[in-house]
Amino acid sequence: MTEALLQKAAHILQVNDLGKYTVPTHGLYPFQWNWDSCLTALGQSHLNEDRAWTEIETLFEHQWDDGMVPHIVFHKEDDGYFPGPGVWGTNRPIPTSGITQPAVAGFAIKSLYDRSQNKTDARRRAFALLPKVFKWHEWFYANRDPKHSGLVAIIHPWESGRDNSVDWDDAFLRVPTDGVAPFVRRDTQHADPAHRPTQEQYERYIWLVQTFRNLNWDNSKLHDASPFQIVDPGFNGILLRSVSEVAALAADLGLRDIAEASASQLDRGIAALDSLWNEKRGQYTCYDRVAGCLIDSPSIGGLLAAFAPIPKSRAETIAATLDTQSQNCTYLVASHDPRDVHFDAKRYWRGPVWLIVNYMIANGLHAAGQSAMATRIDKDCLTLIENSGFAEYYDPHTGEPCGGGQFTWTAAMVIEIIKNAKVAA
Ligand code: GLC
């Protein structure tokens, strides 16, 4: 069974491999996505180390001069996706979007390095990539934390990777829709519209893009200009985990300045993250920087923070919260608490299970000594795949596959989970 799953997963990676980067799935997402690529490299590393490094190197070839690493690189023209390069208008030789995505690259690079069989090559490649990743982290703290709180904000829901989470609903009402040029969505032509964000949400997404474009994508202006500034514990948790891996790897490679600066980013960030702890919910929750208030929404964002080196007592409570959740759904981890009135089992990030997030939560819980819950999550992932194939996401009650099929990062996570379990066994 395991061998058959591995083979199917390897086949999906191959089908979606365009040589130097991998598309998330043909049709729905025909370009290179930032965190998809970094997580995909983890799966690829078990099959072909060289190819795994290339995936991340290609992404960083498109890093902006200010340090930002864009969320999409439009390597080739394809009008099957909206919004395409013309809407972003970032004016780059190879077009990219103008916003970023969760910074998981530092974690991925450290993992590739640690597991590499060819250490000389891995050392050379990590040495070249590390300053770029560090520059991206510095960009975050300089541009998305102007008041030096230790935590960064996202300024567009797509940056979080959890596009239409319930977490954004109230803050998103501040984003107008007037002046949005008429457009035709493409996502609903590839996937069931009932599983996708609503039309109104789409108009607000595009309003933000148009507003940032009118400011010439000048990152020194965008944060303050955005009516949407959210401090997401999951986003910060991923960044902090990467910062901690960059600190460790830089020390190992003799890059002392990077190691020291990263260690202090980490200390400040972990201390600040605690301000997002929500005792009543037994997890972290978001902060709305424009309104100046916490957002009491029990989403996966606050569980995903367990990926960071948070205090052990916090990880223990998160494991207990997940245990409670498991009594209210069949498969962990729902992207929104199934007991909450806003939960929607099939709509994208408002309820469904996503394997990549499961993987990161389990990884963090394992490191924090919560191995029973970590193993339970891994098991649910494999059951979902066996029953429902390599989908984009799944209904946490029925396991029904939703969104796109033959999904790259889902396949990569399956390889990662199976191979890591073998190493641990
Ligand atoms: C969707 C997801 C995002 C992902 C992208 C490509 O937009 O919400 O997290 O990166 O698809 O798979």
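Reader: How many nonpolar, polar and charged residues does the lining of the second largest pocket have, by class?

Author: This is a predicted model, in which local features need pLDDT of at least 70, side-chain atom pairs count only at pLDDT 80 or more, and totals for chains, interfaces and linings use all residues. Residues are numbered from 1 along each chain as its sequence is written, and side-chain values use heavy atoms, with hydrogens and water left out.

The lining of the second largest pocket has six nonpolar, five polar and four charged residues, where Ala, Val, Leu, Ile, Met, Phe, Trp, Tyr, Cys and Pro count as nonpolar, Asp, Glu, Lys and Arg as charged, and the others, Gly among them, as polar. A pocket here is an open set of points on a 1 Å grid over the protein atoms alone, with protein on both sides within 12 Å along at least five of seven lines, while a cavity is a set of points where a 1.4 Å probe fits but cannot get out; lining residues have an atom within 4 Å of a point. The volume of this second largest pocket is about 220 Å³, a volume being the space filled by probe spheres set on the points, which are joined across faces, edges and corners. Among its 15 lining residues, Lys147, Ser149, Val231, Tyr287 and Arg289 are the closest to its centre.

The largest pocket holds about 860 Å³ of space, and of the 32 residues that line this pocket, Arg115, Tyr359, Glu416, Asn420 and Ala421 are the closest to its centre. Its lining divides into twelve nonpolar, ten polar and ten charged residues. Helices H5 (105–115), H12 (233–252), H16 (355–367), H17 (371–388) and H18 (408–424) each supply at least two of the lining residues, and H18 gives the most, with eight; helices are DSSP runs (H or I, at least four residues), numbered from the N terminus.

The largest cavity, with about 240 Å³ of space, is lined by 22 residues, of which Tyr29, Trp33, Gln101, Asp163 and Tyr348 lie nearest its centre. Helix H2 (34–45) and helix H10 (199–214) are the elements that give two or more residues to this lining, which by class has 15 nonpolar, three polar and four charged residues.

The second largest cavity has a volume of about 60 Å³, and the residues that line it include Gln283, Pro298, His336 and Arg339. Helix H15 (residues 312–326) gives the most to that lining, with three residues.
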